[in-house]
Amino acid sequence: MAGLRIEGEQEPLLGDTPGSREWDILETEEHYKSRWRSIRILYLTMFLSSVGFSIVMLSIWPYLQKIDQTADTRFLGWVIASYSLGQMVASPIFGLWSNYRPRKEPLIVSIFISVAANCLYAYVHIPASHNKYYMLVARGLLGIGAGNVAVVRSYTAGATSLQERTSSMANISMCQALGFILGPVFQTCFAFIGEKGVTWDVIKLRINMYTTPVLLSAFLGILNIILILAILREHRVDDSGRQCKNINFEEASTDEIQVPQGNIDQVAVVAINVLFFVALFVFAVFETIIAPLTMDMYAWTQEQAVLYNGIILAALGVEAVVIFVGVKLLSKKSAQ
């Protein structure tokens, strides 16, 4: 068995390196490395989930107009809302699932749903009619797949000590922001493929500026599933960093202790959820009206709207990352 680690660790932005803080607990080096490998996999999961959401955000309206001439801005609102509705329904289901079963299960199932949704999105131009409803279903399924965000956050909170938690949760938010940044950037890069693109006749797949992003997202989702199966392990520690018994743990361990649960601050939980709702409510402006609004106000073409709005959102994402890094640094200073 690996030696016992008694010195503290002060994790950097996306990891952990030896620091100066002394720990008053014992944790095996093997357990510590496995715990942080699992957390980093969930960083990646959060990042890819955000990329899957934002990578087509700017091209939904042009693509919707292209595949179905009967679609209007009112239906665009339903397409956008279907993602959030799917996530709202799926999040408590995946959360309840993860409370009683290994978290691998809801994570893999949710990511598989996202992969299927992206593949459906790439083929919504095939049906002879009602194409807009296929897009509605595809975005709704993608929202269901994004319900794993709750599982990612709960796992990270339970697998970190009190001193690690703020920094780790900031990393989760930073990965989410990076996904929001790079999603429109990827879309902007693919804009140079053009609306026509090329067609793979054997499988009737049209590869253009609208479908290439979701195909990339589907490929990354498959890669994410493989990494979860290979690396993710169940871990739970108390506020001091001691290993605890976990109802999700795959193997029983006599070295772990059962820590009594404290009372939950219901007011704080409600306040945090309200703040998160407000943030997403504001963000909904960008995913709903920014593309049609800029096309109407500045007479941009569909390709120009995708390109320029992608640049704007990328700049906003950089600003968000700077804020998250600042939160991380301030949390370390306050802990000293």
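## Helix H1

Helix H1 is mostly covered: 20 of its 26 residues are buried (under 20% relative accessible area with a 1.4 Å probe, protein chains only; exposed is over 50%, partly exposed in between). H1 runs over residues 29–54 of this predicted model. From first to last C-alpha it reaches 38 Å, close to the 38 Å expected at 1.5 Å a residue (1.5 Å times one less than the number of residues).

## Histidine 235

Histidine 235 sits in the loop between helix H8 (212–231) and helix H9 (266–288). Its relative accessible area is 5%, so histidine 235 counts as buried.

Its side chain makes a polar contact of 3.2 Å with the side chain of histidine 31. Another, of 2.8 Å, joins histidine 235 to the side chain of serine 34. A polar contact is a pair of N or O atoms within 3.5 Å; within protein, one must be able to donate a hydrogen and the other to accept it, and residues adjacent in sequence count only if both atoms are side-chain atoms.

## Whole chain

The chain has 11 helices and 4 strands (DSSP runs numbered from the N terminus: H or I, at least four residues; E, at least two). Of its 336 residues, 47% count as buried.

## UniProt record

An unreviewed UniProt entry lists transmembrane regions, including residues 41–63 and 136–156. Such annotations may be inferred rather than shown by experiment. Residues 41–63 are 78% helix and 0% strand. Residues 136–156 are 86% helix and 0% strand.

## Basis

Residues are numbered from 1 along each chain as its sequence is written, and side-chain values use heavy atoms, without hydrogens and water. In this predicted model, local features need pLDDT of at least 70, side-chain atom pairs count only at pLDDT 80 or more, and totals for chains, interfaces and linings use all residues.
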